[in-house]
Amino acid sequence: MAVRLNFEIRFRFRSGFHTTGDRVELWTDKAVALDWREGENPIIPATSIKGWLRENAERVLRSFGQKVCDGSQPATICGKCLVCELFGHPRKKSPIRFEDAILENSLSDARTNVSLSRYRKTAYEERLFTTEVAWANGFVFKGEGFFSTSQEAEKAATLLWLAARLGFAIGASRSRGLGWLEFEDFCAQCDGASIDVASLSKIASSWRGEEGA
Ligand SMILES: [Zn+2]
C-alpha cells in the first residue's frame, strides 16, 4: 500500500518580490511570474518553487559528495540520482505534486530601475524601466506525494527539508536585491504522523557519509 507524504514549507520574505514580465522556466528559478488572479492574491507557480528547490537540492547533495545531475542542463539529466527520483525526469514524473503558493495580504508598488553601462557606469536614459514589486510577509509551499515505503517518503522529506533550508532569492530580480527568502519552518507527515527533525537529520547524515552513492 502506498505511503502518503504531506509537507509544508514556510518562507518569509526579507524584501519585496518582483512580479512582472518573465516566463516561468522549468528547472530554473531565474524567471518567476506571479499570477494575480483578477486582482486577488498573487501566486508563485508550483513549477517555479519546484525548480528552485531542485537547484538547491543539487547543491546540497553535491556539497555532501553525492553525484547528482544538473537540472539546468536537460540533456544531462540522469534519471537515477536522488534529485531525479524526487523531482522527476523525462522518463518518470515526480512522485510529488507541488501546489502553487499564494501570497496573502500582499501589496504592490513599482520600483524604478536604471540600466547602467557596464563600461562607463553611467545611466542610459532610455533604459529606465519599472518593475512591479509585491510586498508580502511570506508564503507557505505545500505538496503531497505517494511512495512505496515510509523510508522512501522520509528520504523525500529530508531532501525537501535540506533544499528549503539552503534558502536564497527566488524570482527574476535577485541581483537587484528583491525577493530574498528566509526559511522559517518545515513540517512533514507520513500517513498523517509527523516526521521529526531528528529523523530528517539522521537521513541527511547518512548521505553525508556516502561517497557518490
Ligand atoms: Zn539525476
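**Close-up views around Cys190**

**View 1. Bridge between Cys190 and β10.** Ala193 in β10 is the bridge partner of Cys190, a residue of strand β9. The model is predicted: local features need pLDDT of at least 70, side-chain atom pairs count only at pLDDT 80 or more, and totals for chains, interfaces and linings use all residues. Residues are numbered from 1 along each chain as its sequence is written. β9 (residues 181-190) pairs with β10 in the antiparallel sense over 2 bridges. Strands (E, at least two residues) and helices (H or I, at least four) are DSSP runs numbered from the N terminus; two strands pair if DSSP finds at least two bridges between them.

**View 2. The sheet.** The open sheet has 5 strands in the order β4-β8-β1-β9-β10, with antiparallel pairing. Its edge strands, each pairing on one side only, are β4 (96-98) and β10 (193-194).

**View 3. Surroundings of Cys190.** Cys190 is buried because 22 other C-beta atoms lie within 10 Å (buried: 20 or more such atoms within 10 Å, C-beta atoms placed from the backbone). Beyond neighbours within four places in sequence, the contacts of Cys190 include Val3, Leu5, Ser150 and Glu154 (contact: C-beta atoms, placed from the backbone, within 7 Å). Ser150 is 40 residues from Cys190 along the chain, with 6.9 Å between their C-alpha atoms.

**View 4. Helices α3 and α4.** The axes of α3 and α4 (residues 197-209) come within 9 Å and cross at roughly 85° (axes: lines fitted to C-alpha atoms, for helices over the stretch in contact; angles from 0 to 180 degrees between N-to-C directions). The two helices, α3 and α4, are therefore roughly perpendicular (65 to 115 degrees). Among the residues that meet are Trp161 and Leu162 in α3 and Ile203 in α4.

Definitions and conventions: A residue is buried if 20 or more other C-beta atoms lie within 10 Å of its own, exposed if 12 or fewer, and partly exposed in between; C-beta atoms are placed from the backbone. Two residues are in contact if their C-beta atoms, placed from the backbone, lie within 7 Å. Angles under 35 degrees count as roughly parallel, over 145 as roughly antiparallel, 65 to 115 as roughly perpendicular and the rest as oblique.
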